[in-house]
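The sequence and the structure come first.

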Amino acid sequence: ELEDRSFRFSDYEQIKTSSERLRDDNIQEREESYQGELQGVLPASRTFEFKLPGDEGIIKGKVDKAVADPDVLNREWLHKPTTVTLHVMQVGQDRPRFTLMKLDDLKS
């Protein structure tokens, strides 16, 4: 339990599966740079969308709490050609999770 949330495993197999997923060698963390355009940030939820060139798609991620005012991204970086460095975390073959750690990670 944590605050108002709780979680419970229903059997041993679920515990075993979770334990294997969370092994150190199954969790990958790295920094990756991408070129494209910031499509927008939702300041309250601290989420962003970053459009890659052409039809390469959109990266969705979080803005780290180290960025005091995430709305500055909308004011200064919206729809401008940008290179961004993101912290990428991936567990096994799951979809990677992207985090913008600081404003210094953006370049024109």
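Is K60 buried or exposed? In this predicted model, K60 has a relative accessibility of 57% and therefore counts as exposed, the cut-off for that class being over 50%.

K60 takes part in a salt bridge with E49, where the closest N and O atoms are 3.9 Å apart. K60 belongs to strand β3 (residues 58-63) and E49 to strand β2 (residues 47-51), so this pair ties together parts that are eleven residues apart in sequence. E49 is partly exposed, at 32% relative accessibility.

The count of salt bridges comes to five.

| Pair | N to O separation |
|---|---|
| K60 and E49 | 3.9 Å |
| R30 and E32 | 2.5 Å |
| D69 and R75 | 2.7 Å |

In the pair of R30 and E32, R30 is partly exposed with 27% relative accessibility, and E32 is also partly exposed, with a relative accessible area of 22%.

The bridge between D69 and R75 is part of a network of salt bridges that links D69, D71 and R75. D69 has a relative accessible area of 33%, which makes D69 partly exposed.

The surface also carries a nonpolar patch formed by F7, F9, Y12 and I15, whose accessible area together is about 470 Å². I15 is located in helix α1 (residues 12-21). The relative accessible area of I15 is 40%, so I15 is classed as partly exposed.

Technical notes:
Residues numbered from 1 in each chain as written. Predicted model: local features only at pLDDT ≥ 70, side-chain atom pairs only at ≥ 80, totals over all residues. Heavy atoms only, no water. Patch = residues over 30% accessible without salt bridge, like charges linked within 9 Å, V, L, I, M, F, W, Y side chains within 5 Å. Areas by Shrake-Rupley, 256 points an atom, 1.4 Å probe, with all protein chains shown as cover. Salt bridge = Lys/Arg side-chain N within 4 Å of Asp/Glu carboxyl O. Helix = DSSP H or I, 4+ residues; strand = E, 2+ residues; numbered from the N terminus. Buried < 20%, exposed > 50% of the residue type's maximum accessible area, 1.4 Å probe, protein only.
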